[in-house]
Amino acid sequence: MVRNLPLRSALNNAVGTVPEEICLLESLETIVLEGNQLTGTLPQCLTGLTSAFEFDFRQNEFSGSPPSGFLSMHLLETLDLSNNRFTGELDFLAPSETTNATSSSRLKTLRLDNNGFNGELPSDLYSLRSLQELTLHGTLITGDISAVCDGPAMLILTTNCTQVTCNSDCCECL
């Protein structure tokens, strides 16, 4: 049974797209595809991998909007989408209608930096009890995000302070 899919470092030089068949590996706990040359969109079925606790897709060429429903994944602790070409609003983070993200999410690290994301943060992010790190710098996110820092575990939020308002000690302007 495959539980981990690590393809760390640019030395792998993996190219192409992530196939839908990856979701047939239902027991996957970690997917680390960091630092390759992967393109296209991520399969929607990823959010159905209920055993997953780490998705690291940083430093590739992924584009479009990520799959919806990440906050419905009860075991997911790390979601790193940084340094890609994702675009659009952050509504893909919204939980499914049948789950309550604030009471069930274990998400500690959410890295969205250096992508084409825009709009305001979904209100669901303001009450994630486990969230410790949120990176938004290098995006087009706007609005007042100070309330994110009110989460009981929140330690650091990095952002572009020219586009957002963040009146809290946890905010770091980059």
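Six salt bridges are counted in this predicted model, a salt bridge being a side-chain nitrogen of Lys or Arg within 4 Å of a carboxyl oxygen of Asp or Glu. Because the model is predicted, local features need pLDDT of at least 70 and side-chain atom pairs count only at pLDDT 80 or more, while totals for chains, interfaces and linings use all residues. Residues are numbered from 1 along each chain as its sequence is written, and side-chain values use heavy atoms, with hydrogens and water left out.

One of these pairs is Glu-34 with Arg-58, whose closest N and O atoms are 3.1 Å apart. Glu-34 sits in the loop between β3 (30-32) and β4 (37-40) and Arg-58 in the loop between β5 (54-56) and β6 (61-64), so the pair ties together parts 24 residues apart in sequence; strands are DSSP runs (E, at least two residues), numbered from the N terminus. Glu-34 is buried at 16% relative accessibility, whereas Arg-58 is partly exposed at 24%, where buried means under 20% relative accessible area, exposed over 50% and partly exposed in between (1.4 Å probe, protein chains only).

Arg-58 also meets Asp-80 in a salt bridge (3.6 Å, N to O), and Asp-80, in strand β7 (residues 78-80), is 22 residues from Arg-58. Asp-80 is buried, at 1% relative accessibility.

Arg-85 and Glu-61 form another salt bridge, at 2.6 Å between the closest N and O atoms. Since Arg-85 lies in strand β8 (residues 85-88) and Glu-61 in strand β6, this pair ties together parts that are 24 residues apart in sequence. Salt bridges that share partners join Glu-34, Asp-56, Arg-58, Asp-80, Arg-111 and Glu-133 into one network.

Notes:
Helix = DSSP H or I, 4+ residues; strand = E, 2+ residues; numbered from the N terminus.
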